[in-house]
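Reader: I would like to go through this structure feature by feature. Please give the general idea each time, and then the case at hand.

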Amino acid sequence: MTGAAVAQGDKTRVILELGSGNDLHGCDYTKAALRAVADALHHSSLAFIRSLKIDKTKLGVEVTIGVQRPDLVQIEEIKALLPVGSPTVGVIKGGLDVPDPEHDDAAVIASAAVAVRVDVSALATSGKRARPPERR
């Protein structure tokens, strides 16, 4: 899918993480994108999944990647990197290519946004809202 990731139904975005990645030699846009997504994933811990007993297979995961050559990103490789949910991946023009004319090469820089969505109506159990633990 080229273009921005599509919103997943009536789910509410509960987290948005950003990351950047690069391929310094070889102009591999997929490698840069994978590193950007991995960077975003390493910034978060979705502890609320276990705390609220959410079925992690039902999470909506939207990934948007920006690179100068969106057509060269292998979307299935990006999806395989995601540990939970049913992902959608969109690749748009963005990021940065830094030319190295002396070596006929470029450094490729990708940016990534990873959003996780949850059906909040499914969280209500017996009419009670989940409460955070008491502080001691």
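Author: Helices and strands are DSSP runs, numbered from the N terminus. The model is a predicted one. Under that numbering, Val 98 belongs to strand β4.

Reader: How many helices and strands does the chain have, and in what order do the elements run?

Author: There are three helices and five strands. Read from the N terminus, the order is β-α-α-β-α-β-β-β.

Reader: How is Val 98 to be classed by accessibility?

Author: Buried means under 20% relative accessible area and exposed means over 50%, with partly exposed in between. Val 98 has 37% relative accessibility, so it counts as partly exposed. Val 98 is also one of the residues of a nonpolar surface patch, together with Leu 96 and Ile 109. The accessible area of the three together is about 210 Å².

Reader: What share of the chain is buried, and what is its accessible surface?

Author: Of the 136 residues in the chain, 34% are buried. The accessible surface comes to about 8700 Å², and carbon and sulfur atoms account for 53% of that.

Reader: What do the contacts say about separation in sequence?

Author: Take the contacts between residues at least 6 apart in sequence: 79% of them join residues at least 24 apart.

Reader: What is found at the start of α1?

Author: There, a side-chain oxygen of Asp 28 comes to within 3.1 Å of the backbone nitrogen of Thr 30.

Reader: Which residues of α1 are buried, and what do they pack against?

Author: The buried residues of α1 are Tyr 29, Thr 30, Ala 32, Ala 33, Ala 36, Val 37, Ala 38 and Ala 40. They pack against strands β1 (12–23), β2 (60–67), β4 (96–100) and β5 (105–118), and against helix α3 (75–81).

Reader: Where does Leu 41 lie, and is it buried or partly exposed?

Author: Leu 41 lies in helix α1. Its relative accessibility is 24%, so it counts as partly exposed. Leaving aside residues up to four places away in sequence, Leu 41 touches Leu 81, Leu 82, Pro 83 and Val 114. A separation can also be given between C-alpha atoms: for Leu 41 and Ala 112, which are 71 residues apart along the chain, it is 9.9 Å.

Reader: Next, the charged pairs. How many salt bridges are there?

Author: A salt bridge needs a side-chain nitrogen of Lys or Arg within 4 Å of a carboxyl oxygen of Asp or Glu. By this rule there are four salt bridges. One of them joins the side chains of Glu 62 and Arg 117, at 2.7 Å from N to O. Glu 62 lies in strand β2 and Arg 117 in strand β5, so this pair ties together parts that are 55 residues apart in sequence.

Reader: Are Glu 62 and Arg 117 buried or exposed?

Author: Both Glu 62 and Arg 117 are buried. Glu 62 has 10% relative accessibility, and Arg 117 has 16%. The side chain of Arg 117 also reaches the backbone oxygen of Lys 11, at 3.1 Å.

Reader: What about Asp 71 and Arg 69?

Author: The side chains of Asp 71 and Arg 69 meet in a salt bridge too, at 3.4 Å from N to O. Asp 71 is exposed, with a relative accessible area of 52%. Arg 69 is partly exposed, with a relative accessible area of 39%.

Methods: Residues numbered from 1 in each chain as written. Predicted model: local features only at pLDDT ≥ 70, side-chain atom pairs only at ≥ 80, totals over all residues. Heavy atoms only, no water. Buried < 20%, exposed > 50% of the residue type's maximum accessible area, 1.4 Å probe, protein only. Helix = DSSP H or I, 4+ residues; strand = E, 2+ residues; numbered from the N terminus. Contact = heavy atoms within 4.5 Å. Polar contact = N/O pair within 3.5 Å; in protein donor to acceptor, adjacent residues only side chain to side chain. Areas by Shrake-Rupley, 256 points an atom, 1.4 Å probe, with all protein chains shown as cover. Patch = residues over 30% accessible without salt bridge, like charges linked within 9 Å, V, L, I, M, F, W, Y side chains within 5 Å.
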